[in-house]
Amino acid sequence: ITIAVGGQVVEHVSRDAFNSIFNNSPKVKQIVDNVDIAQLFDENPWEIPDTLEVSCQQTWEQMPIENQRKYMQKEMTLEVSAGCGFNCAYCAARKHQKERFKNPEIFENDLRVQVRRAKELGLNRLSFYASSLDFFQSPREISKVLSTLARVQEEEGVEIKVRCLSCMSSFLNSAEKIEE
């Protein structure tokens, strides 16, 4: 089995350092960009879709049911957005970037897939941790996300809890701009 390790922290680790951490194992691959992903799957790098345009539905359908139950009983990742307009020195994220949001239709469909599976498993509550670095930095867009969460919760009858990070200034700004 090949293990792919990536993300914004791993992107900053030199290839030599990464390989030494994993004892130069040919089974552990550092993923820095789409070229690395394409090589791993023998694909064209230009055909790798943006993660914000990819649904997780197929992953859920392939995951063994008992693993789904275990996963859903803990706090899960809620992929909302990527990017942050701030430049915090302590953060490894890409900075000074306009926040980009998950495709709204895919976001809602993925959420419904998870909520419906939770109901099938007898779970009446899901807890999430949002991927946003500053959840309230884009009030207009996050308002749409919150509306989707509220609508799905109401229609499907499963309580949805979301935990997130936010700068106080972003939160207060959004509190003024988001009516509900």
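Which helices and strands each supply at least two residues of the lining of the largest pocket? I put this to a predicted model.

**Largest pocket**

I found three helices on the list: H2 (34–41), H3 (57–62) and H5 (104–120). The strands are S3 (76–78), S4 (81–82) and S6 (125–130). H5 gives the largest share of the lining, 5 residues.

I then looked up the space inside, which comes to about 1,400 Å³. The lining holds 43 residues, and those closest to the centre are Asp-50, Thr-51, Leu-52, Glu-79 and Ala-82. I sorted the lining by class and got 21 nonpolar, 14 polar and 8 charged residues.

**Second largest pocket**

I read about 200 Å³ here. I noted 13 lining residues. Cys-88, Tyr-90, Cys-91, Leu-133 and Leu-165 lie nearest the centre. By class, I logged 9 nonpolar, 2 polar and 2 charged residues.

**Cysteines**

How many disulfides does the count come to? I got 0.

A disulfide needs the sulfur atoms within 2.5 Å. Cys-88 had already turned up among the residues nearest the centre of the second largest pocket.

Cys-164 was next. The closest cysteine sulfur to its own is in Cys-167, at 11 Å, and that is also too far for a bond.

Definitions and conventions:
Residues numbered from 1 in each chain as written. Predicted model: local features only at pLDDT ≥ 70, side-chain atom pairs only at ≥ 80, totals over all residues. Heavy atoms only, no water. 1 Å grid on protein atoms, 1.4 Å probe; cavity = no way out; pocket = protein on both sides within 12 Å on 5 of 7 lines; lining within 4 Å. Points joined across faces, edges and corners; volume = space filled by probe spheres on them. Helix = DSSP H or I, 4+ residues; strand = E, 2+ residues; numbered from the N terminus. Nonpolar A, V, L, I, M, F, W, Y, C, P; charged D, E, K, R; others polar.
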